[in-house]
Amino acid sequence: MPEPAKCRYTKTHEWVYLDARSAVVGVTEHAQHEIGDVVFVDLPKAGRAVTQGEAVAVVESVKAAFDIYAPLSGTVEASNPALAADPAAVNRSATDQGWLYKLTSVDAAQLAALLTLAQYEEFLKTAA
Amino acid sequence: MPTRALLLETPALGAAAQMALDEAVLEGVEGLSLRFYRWAGPVPHAVTFGISQEYDAVLAAVRERWGGASMPLVRRATGGGIVHHDGDLTFSLTFPWPTLSDPGLVYKDIHLAAHLGFKALGVETALWSPGRTEGFRLQCFSGPEPKDLVSPAGVKALGGALRRLRGRGLYQGSLRPEVLGTGAELSRQAIVEGLSVSWKALFEPAEPSAAVSARAEELRRQRYESDRWNRRR
């Protein structure tokens, strides 16, 4: 599980964690709580090139579907295969087992410009 | 001061074109808009189903429930279950949804507005509140879900589904006037009245812009009429 302080965040409630070879992306605890019980996750396919801010995934809870945006430009390396059978992992473990997809070829400058944990927490206070 | 809102007047369309127009309005109209569908043909006879539903399961359910009737099956941009449009009053609402928030509360707000609109016209309804349920129903009108609008006898009259995209929301609703003992026109008045009062909106008739119409046409051809979209899973 990535340490929250080592992740970066977006104002659209995605987290991103840069591991040894790729950037792992998911939705934040705040997002999963607001979205509610997740019943389906539609994830981008490996090899797809995505642009920062592009709607690339859909998370559906009972009655509502939410677009999830790419926090960084890059190429999708893999999506979380476990979510097809267990979409509720997004609720149980948004920042670990409920990760959505991994990106490669990301821009370090884009990553550095995302919110830190402290900035994201401050954003939540003002945006709520 | 009421907020200006659009009451979109659109031509009679098939299911794919209706879905495409809703998405184009979601993308291209700011503020609040309300649109009552006019279906092509004397009765619509179309089925729409939720964005994440499995096509084969939908097809099997449709065949079991409505036999071999030939009708378009179109995947919506919103969640929820199967809706057979066979005389329902179908409508869509787009609205600002700037902050990620509980969709259950948004759903409740919309249906509460409808409830108050019907009440103002002397028609009793209630919001269904059975408590927590597990998952969602394959078919939308097989029974009420939390915050659906129901008749005094508890029969589902209005259900809907939501989508949030870039700080805006789309609600697609299906209302059965006969459950409430009303006609389509009175039901339409109730929806407009309820939203006008509850959301402090002043609805003005309008047509979609040329840009929205062009985008809808593009979405109809490229997405909602395509097997790639409708049979994507």
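The largest pocket of this predicted model holds about 1200 Å³ of space. A pocket is here an open set of points on a 1 Å grid over the protein atoms alone, with protein on both sides within 12 Å along at least five of seven lines, and lining residues have an atom within 4 Å of a point. Grid points are joined across faces, edges and corners, and a volume is the space filled by probe spheres set on the points. The pocket is lined by 39 residues, and those nearest its centre are A:Asp42, A:Arg48, A:Val58, B:Trp229 and B:Arg232. Two or more lining residues come from each of strand E4 (38-42) and strand E6 (55-61) of chain A and from helix H1 (15-28), E9, helix H6 (210-224) and helix H7 (227-230) of chain B; the most, six residues, come from H6(B). Helices (H or I, at least four residues) and strands (E, at least two) are DSSP runs numbered from the N terminus. The charged end of B:Arg223 sits over the ring of B:Trp229, 5.0 Å from its centre, and in chain A the charged end of A:Lys102 is placed over the ring of A:Trp99, also 5.0 Å from the ring centre. This arrangement requires NZ of Lys or CZ of Arg within 6 Å of the ring centre and within 35 degrees of the ring normal.

Cavities, sets of points where a 1.4 Å probe fits but cannot get out, number three at 30 Å³ or more. The largest cavity contains about 110 Å³ of space. It has 16 lining residues, with B:Arg76, B:Val83, B:Gln172, B:Gly173 and B:Ser174 closest to the centre. Strand E5 (83-85), strand E9 (156-165) and E10 of chain B each contribute at least two residues to this lining.

Aromatic pairs were assigned to rings of Phe, Tyr and Trp (its six-membered ring) with centres within 6.5 Å; planes under 30 degrees apart count as stacked, over 60 as edge-to-face and the rest as tilted. The count is 11 aromatic pairs over all chains. The B:Phe49 and B:Tyr55 rings, with centres 6.1 Å apart and planes at 65°, are therefore edge-to-face. B:Phe49 is buried at 0% relative accessible area, and B:Tyr55 is buried at 9%, where buried means under 20%, exposed over 50% and partly exposed in between (1.4 Å probe, protein chains only). The pair B:Tyr107 and B:Tyr171 is tilted, because the centres lie 6.2 Å apart and the planes meet at 55°. B:Tyr107 belongs to helix H3 (residues 103-120) of chain B and B:Tyr171 to strand E10 (residues 168-175) of chain B, so the pair ties together parts 64 residues apart in sequence. An aromatic cluster is formed by A:Phe66, B:Phe95, B:Trp97 and B:Trp199.

A nonpolar core is a set of buried Ala, Val, Leu, Ile, Met, Phe, Trp, Tyr and Cys residues joined through side-chain atoms within 4.5 Å. The largest core comprises 59 residues, of which A:Leu100, B:Leu34, B:Phe95, B:Leu162, B:Tyr171, B:Ile191 and B:Phe203 touch the most other members. Its largest share, six residues, is supplied by H3(B). Apart from this core lies another of 24 residues, including B:Trp39 and B:Leu219.

Residues are numbered from 1 along each chain as written, with chains lettered from A and ligands numbered from 1 in the order written. Local features need pLDDT of at least 70 and side-chain atom pairs pLDDT 80 or more, whereas totals for chains, interfaces and linings use all residues; side-chain values use heavy atoms, with hydrogens and water left out.
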